[in-house]
Amino acid sequence: MNASLGPLLPTEDPRQSLRVRRFLLAATVYALTVALMGLYVRQGLLSSQEWQLLSLVILLVNAGLYALLRSGRNERFGDPSLTGVQMFLVCLIMGLTMYLLDGGRGGLLLLFLVLLMFGVLRLNARQFTALGGFALLCYAIAVGAVWQQRPEDFNAQVELLHLVALSTLVPCGGFFASHISRLRRLLRERQIDLQRAREEVHDLRVLDPLTGISNRSAIIAFLDQERQRAERLGQPLSVLLLDLRQFKRINREFGHRTGDEILREVARRFRRCVRDIDGLGRYGGEEFLIVLPDTPEEDARQLGGRLTECVQGQRFPQLPARQRMRCTMGISAVLESDQDIWQVIERARADSESAET
Ligand SMILES: Nc1nc2c(ncn2[C@@H]2O[C@H](COP(=O)(O)OP(=O)(O)OP(=O)(O)O)[C@@H](O)[C@H]2O)c(=O)[nH]1
């Protein structure tokens, strides 16, 4: 269906495409209505001028609606699907048609009922009940006018039966509308749950649960990707490896919970110092890896100094005032000769160890 309707449907926005698809379905029912009216003309129940007038009205209404939907102007309306407007127009066209027919209204009434049922897809029970009431009113006015102006075309018994049949639409359609709007709500809720679950799975996959920064595999993947990018663009790329010292002792003296809090606090402080484009990850237990795109080694060293100062120069509220944390830092710039990222990380580690001695 998509292939055949290709040029008629907007492809960019799936919701807009669904609206146009629904409109085209209703337009097909209108086309059937026009064809059926042709039979009424042959049967002498409608003049050909009246048939032309009705066909023109239907054509103009549908062309206008299609232009609105295709241009995207429908998005400015409270209900971008234009269901309310379309249903209102169905009722008016139905009223006019019923008025112009000299008999046999029941046949065309069936097709109008089909058009009104499109409202079930978007309206809630209250809105559909109002629509059903309006449809009844239009029908009653149309046949009332026939009774006044052409009493020979009016059969009270048959029209009463039509009105009763039409009035069953109100509760039945209202029931379907409420059922479908409940399903729509449920579907929306499920979609939101699913989106949330997807985000959680993504976070679990790439974030370190304790500190909320990238986990080991995510920061390694980021370094790999940045190495390829830097190579392609001929830009410098540096990494920093920061290791908290004597962390075992911190855990032993102040407890694991305090140790955890300190790791979180360090991650928070580092995050404040790096740019959005930098990668910050927990490489090991008390070891952090920072990837700095478009950064030469000298700039990385300056940043490393600031990060070290964040740990060593500031007190941690979780620890006694005189207790200071210490850390070591290693730097490495990615070289063209590097075979893989492990060489880069190993150089940063060696740099850290040489600084220590
Ligand atoms: N609280 C806490 N401790 C951790 C976590 N991950 C690793 N550690 C601890 O960090 C300590 C790291 O020990 P080492 O590798 O010997 O490092 P260190 O004690 O800092 O020693 P140096 O680096 O040589 O100064 C171990 O005691 C680990 O249990 C964590 O998630 N939470």
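By class, the shell around the ligand is made up of four nonpolar, five polar and five charged residues, where Ala, Val, Leu, Ile, Met, Phe, Trp, Tyr, Cys and Pro count as nonpolar, Asp, Glu, Lys and Arg as charged, and the others, Gly among them, as polar. The model is a predicted one, in which local features need pLDDT of at least 70 and side-chain atom pairs count only at pLDDT 80 or more, whereas totals for chains, interfaces and linings use all residues. Residues are numbered from 1 along each chain as its sequence is written.

Of the 14 residues around the ligand, those that come nearest are Arg245, Phe247, Lys248, Gly259 and Gly285, a residue being near a molecule or strand if its C-beta atom, placed from the backbone, lies within 6 Å of it. Two or more residues of this shell are given by each of strand E1 (237-244), helix H10 (247-254) and helix H11 (256-273), and the largest share, four residues, comes from H11. Helices (H or I, at least four residues) and strands (E, at least two) are DSSP runs, numbered from the N terminus. In the loop between E1 and H10 lies Gln246, which has a positive phi of about 50° although it is not a glycine. Gln246 is partly exposed, because 13 other C-beta atoms lie within 10 Å; a residue is buried if 20 or more other C-beta atoms, placed from the backbone, lie within 10 Å of its own, exposed if 12 or fewer, and partly exposed in between.

Strand E1 pairs with strand E3 (residues 287-293) in the antiparallel sense over seven bridges, and in this pairing Ser238 stands opposite Leu292 in E3; two strands pair if DSSP finds at least two bridges between them. Strand E2 (residues 279-282) also runs antiparallel to E3, to which four bridges join it, with Leu280 opposite Ile290. E2 and E3 form a hairpin, four residues lying between them. Six of the seven residues of E3 are buried, so this strand is largely enclosed by the rest of the structure.

UniProt, in an unreviewed entry, places the feature "transmembrane region" at residues 23-41, 53-69, 81-101, 107-123, 130-148 and 160-180; such annotations may be inferred rather than shown by experiment. Residues 23-41 are 100% helix and 0% strand, with end C-alpha atoms 27 Å apart, while residues 81-101 are 86% helix and 0% strand, with end C-alpha atoms 31 Å apart. Leu82, in the loop between helix H3 (48-71) and H4, has a positive phi of about 60° although it is not a glycine. Leu82 counts as buried because it has 20 C-beta neighbours inside 10 Å.

Helix H6 (residues 125-149) has 25 residues and reaches 36 Å from its first C-alpha to its last, close to the 36 Å expected at 1.5 Å a residue, the expected span being 1.5 Å times one less than the number of residues. Its buried residues are Phe128, Leu131, Gly132, Ala135, Cys138, Tyr139, Ala142, Val143 and Val146. An α-helix has 3.6 residues a turn, so residues three or four places apart point the same way. The cover over the buried residues of H6 includes helix H4 (83-100), helix H5 (105-117), helix H7 (156-167) and helix H8 (169-206).

Overall, the protein chain has 13 helices and four strands, and 28% of its 357 residues count as buried. Of the contacts in the protein chain with a separation of 6 or more, 69% are accounted for by residues 24 or more positions apart, two residues being in contact if their C-beta atoms, placed from the backbone, lie within 7 Å.
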